[in-house]
Amino acid sequence: MKKSVIYGAATLACMSAVAATAGTLDDVKARGKLNCGVTTGVVGFSAPNAEGVWEGFDVDVCRAVAAAVLGDSTAVEFVPTTPKTRFTALSAGEIDMLSRVTTWTLSRDADLKFTFVGVNYYDGQGFMVPQELGVSSAKELDGATVCIQTGTTTELNLADFFRSNNISYEPVPIETVAEAQQQYIAGSCDVFTTDASQLASTRATFENPSDHVILGDIISKEPLGPTVRHGDDEWADVVRWSYNALVAAEELGVTSANIGTLAESGSDNPEINRLLGKEGSMGEMLGLDADWAVRIISAVGNYGESFERNLGSQSAIGLARGLNALWTEGGLQYSPPVR
């Protein structure tokens, strides 16, 4: 069994710098497979289905990068990581990128030396309680036992919230969402706190979801996004624009249904033509071929298609787009111009 080691921030930064000098894009091409760090299982974001195939919103980002770089969205080795092991795996070069509900913060950017290439889900920390507890606000949780994942931003957020409201709590440390679910259902904690989207994902797996309430309190900003190591800008650009292609495609009305026609005959819209390699040399600038974005959209659809399939109306979770709607529809999702 492989031994897991937890490193300090300085060591992580050193490992990250060393790993980044290798040239990740060339490594992935030579290996013929993308090593992508995901969760140990958060339904809707990254989890194996009944056939053992990984699927989810974050998984689609991994598959998009593999499609762009390798021409095959299935050429991905999904590496399950916990909040404690995710950063060591990325720093040590065990994975090429991290796509697993990870919050962009100053310390992770500047101290741990990671580059967040975008925000694929704008989230916030919330609370889930049993209906029978009769609680309508997190401010009523004085003295509650709280299941909380260690090694996450939620620990500090929770401490700040309870301290600022002059109430107390007893933490019940857990490492994975599966463990949190077991402890919460068993009654080992009164409350489960994490990102609101993960609470909705967890509740959807319960036998009686309506017996549990996600409170309206949102106590933090949690911009979640794919992450790579500092020092390898070429690779960061590839991952960044693979993600941007998903958002740009939705903005431009390019879907998995019409991508074939548009890729063959082109469009009257110059930006669509640039995205799909009909004009300009966008792929060459990224070290890829002209059809890189065509393969992405063919494999996973655009951002909206991925959202609805994994998290939205077509899923068991049923999340509204909210802040994750396009900027033209009152949300925050926005792609820089493809030019």
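**Figure 1. Two domains of the protein chain in a predicted model.** The domain assignment divides the chain into domain 1, made of residues 25–120 + 225–329, and domain 2, made of residues 124–222. Between the C-alpha centres of domain 1 and domain 2 the distance is 29 Å. Where the two domains are in contact, domain 1 contributes 16 residues and domain 2 contributes 16 residues.

**Figure 2. The area buried between domain 1 and domain 2.** Together the two domains bury about 1,300 Å², and 64% of this area lies on carbon and sulfur atoms. On the side of domain 1, Pro 83, Lys 84 and Thr 103 provide 33% of the area buried against domain 2, which is more than any other three residues supply.

**Figure 3. Polar contacts and residue classes at the interface of domain 1 and domain 2.** The number of salt bridges between domain 1 and domain 2 is zero.

**Figure 4. Glu 264 in helix α10.** Helix α10 spans residues 259–265 and includes Glu 264. Is Glu 264 buried or exposed? Glu 264 has a relative accessible area of 70%, and a residue over 50% counts as exposed; Glu 264 is therefore exposed. From Glu 264 to Thr 102 the separation is 162 residues in sequence and 37 Å in space, taken from C-alpha to C-alpha.

Conventions: Residues numbered from 1 in each chain as written. Predicted model: local features only at pLDDT ≥ 70, side-chain atom pairs only at ≥ 80, totals over all residues. Heavy atoms only, no water. Domains from an automatic or database assignment. Contact = heavy atoms within 4.5 Å. Buried area = accessible area lost by both parts, 1.4 Å probe. Salt bridge = Lys/Arg side-chain N within 4 Å of Asp/Glu carboxyl O. Polar contact = N/O pair within 3.5 Å; in protein donor to acceptor, adjacent residues only side chain to side chain. Nonpolar A, V, L, I, M, F, W, Y, C, P; charged D, E, K, R; others polar. Helix = DSSP H or I, 4+ residues; strand = E, 2+ residues; numbered from the N terminus. Buried < 20%, exposed > 50% of the residue type's maximum accessible area, 1.4 Å probe, protein only.
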